[in-house]
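Have a look at the model first.

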Amino acid sequence: MAFILLSEPIRKYLYDKGWEQLRPIQIAAIERILTTDNNYILSSRTASGKTEAAFLPILSKVNFNEIGVQVLYISPLIALINDQFSRIEELCKYLDVSVTKWHGEANRTLKTHLVKKPSGIVLITPESLEAMFVNRTFYVKELFSNLKYIVVDEIHSFIGTDRGVHLKSIISRLQNIQSKPFIIVGLSATIGDFIEAKCFTGNELNTKVLLDRTIRPINAHFRFFEQESEELPIDLLIDLYFEIKNDKVLIFPNSRGRAEEVAVKLKKISEKENGHQNFFSHHSSIDREIREYVEYFAKNSIRQNFCISCTSTLELGIDIGTVDEVVQIDSTNSVTSLIQRVGRSGRTEGESSNLFLYATDQWNLLQSLACWLLYTEGFIEPPLRNQNPYDILLHQALSITKGHSGIKLNDLREQLNKNFSFTQIDLSEIDEIISHLIKIDLLEKLGQEVIIGVEGEYIVNNHEFYSVFKTEENFKVINAGNTIGAIPFSPQIKEDVNIFLAARIWKIISVDFEARKIDVIRASDGKKPRFFGSGSAVHSRVRDKMLQILNCDTVYDVLNQQCLSEISRMRKDFAIYQIQDIKIDRPFLCAKKNLQFYTFTSTKINQTIDLLLDLLEIESSLDDKRSMFEFELSRQYFLKNWNSISKQLINLDSYLDRLLDKNLHIISFSKWGVYLPKKFQIKLIKDKILDIPGTELFLNSIRLVGDI
DNA sequence: GACCTGCTGCGGGCTG
């Protein structure tokens, strides 16, 4: 059925390709896209043919003889655009349709060709679209006012993020210049909840989800090697080496520094054992060319084995070919992340694949097991709902004003008000934000018009303006004129120190603070580089599961003997609290020197409680990995205050108000939030860092058990 | 001891 619906050239393409059958998601997509005008979210795991599922029917349906770009493909990564370009171009040869890459590193001459004769398909990033709206408002209309389809790849990576709100706003602005609305097709990995995904099109009711839940059978193996120093246990590395030496492997050690440590040390072991030398590291601090070489090597090594030690740079769908095994060292912070990483292995249809989960301490073992169990139960964290994106609205207000080279105040208000990315924000709030922008000279009012103000010019004319996320400042690492990568400054960076980078060892020869350059030469021993960063939040379901594991006697067959005995040691430790009901009982211990309180709840709720304790001037320290607070107080004093803590939630606004006076740093997580009126900064902090309703529910339902 | 993502316009120098 599906095959017959496709146009003649597309059928020829399939025939030439020798595809004997289409995948389920492709059949469903072809039938629906070709026979309805709905928006669609195509959801299935990595490498299940989602790109073709979208493009086979779209290319069959669209008449490319019309003037203007007909199909716009939006991707979160340049690397993905380059990957997809060759696939889409191959398809388009059958139709005589032009395909143009448009991103910061794409060929300018080809971009100019497109502007002269707008047609066919364009592959672009959200930031490049933003830049076009800002600098070439006229071209946006010429190019994109006759669009038929927008395809958003890896849409899950945008959902619940600032970048997603930004992209939604851009799509809304594009929809505004059409005479007939375009259709949106989102491509997504398996996600927990589709409401937010559907909202991405601006028309939830008219957006349908096509879901292929088929998952590959995974054999999980847990291992435990306690880490006693700063470095990974050598036993762990040796055990790991013998597990992976004859395979194609991805290792996720959770940080850039550790990724380097793992790559360098495994390579050393392999040297001794006369094994292969294809050990690489892959993360944001490694130069793009070197990363591309690693990806190229992996994709093209049919016979040779390899091992890439990486961070989340290899979580998204960059094509690296077949991977036999995935190794996770210490726990992911979410089930979502675990699913993404597992999805990278065993790309051959019907084959089961191996997952090794190493832990270097008890709490990582417990969290890792909790994530794995939730994964097997089918739980996935629901995406965050960004209810109050005042900061992104502010950014878009500047973008629209700059793009129009001045705009009537009423038009600006109206454009922001009808933008479907900001439906939660009232017109009166938009007015307040615009007035504030005028007050701080980012905008200037001239009669009925607003233009970019004196202070605003610095902001909008900087290339940092096109993105809504912040980036750390880096020092370039250079060896004999070749860039190895770029790392953020840390006290460790000084002459004569040896560091790992790009799976090699380097000695720092000189540091140029002015030019932000580090010169290095090869060395034979050293230490992993240090990186500082903020962590990500753990969902309360993961913490619930951790407590549940501690409070039962199930013997999990994925655990080896060592892991089992660690878990039973923890169970023994927690048995003293005599937990009856894991939903409400939370362990409380009066130790020799301090009080300990285990919340077993989400990172956000912990952070909110931490703030409430500050407000009450109760000194405490939060260890979020253990989900535990420690206090150096008497039990009586703590309990007296604890009972009234939830009442303090109403004082949070005024407390945050005072905090913002003292310390602007607390809003610095938001690139554009720093320019908002204080009232909105407070709302933003409550929305993004804290969880007020969750904390209220938590505090009102739990019961302390143990030394009570 | 905690991740990742993107980037215009303009001018100068060089090549064919």
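D441 sits in the loop between α18 (427–439) and β15 (443–446), and its phi is positive, about 65 degrees, although it is not a glycine. Most residues other than glycine have a negative phi.

E617 is another case, with a positive phi near 55 degrees.

## Ground rules

This is a predicted model, so local features need pLDDT of at least 70 and side-chain atom pairs pLDDT 80 or more, while totals for chains, interfaces and linings use all residues. Residues are numbered from 1 along each chain as its sequence is written, chains are lettered from A and ligands numbered from 1 in the order written, and side-chain values use heavy atoms, leaving out hydrogens and water.

## The overall build

Chain A has 26 helices and 26 strands (DSSP runs numbered from the N terminus: H or I of at least four residues for helices, E of at least two for strands). Its radius of gyration is 27 Å, close to the 27 Å from the globule rule for 708 residues, so chain A is as compact as a globular protein of that length (C-alpha atoms only; the rule is 2.2 Å times the number of residues to the power 0.38).

Buried residues make up 55% of the 708. Of the contacts (heavy atoms within 4.5 Å) between residues at least 6 apart in sequence, 73% join residues at least 24 apart.

## Salt bridges

The whole structure holds 36 salt bridges, each a side-chain nitrogen of Lys or Arg within 4 Å of a carboxyl oxygen of Asp or Glu. R11 and E8 pair up at 3.9 Å, N to O; they are three residues apart in helix α2 (residues 8–17), so about one helical turn separates them. R11 is partly exposed at 27%, and E8 is exposed at 55%.

K148 meets E66 at 3.0 Å. K148 is in the loop between α8 (137–144) and β5 (149–152) and E66 in the loop between α4 (50–61) and β2 (71–74), so the pair ties together parts 82 residues apart in sequence.

Technical notes:
Buried means under 20% relative accessible area, exposed over 50%, partly exposed in between (1.4 Å probe, protein chains only).
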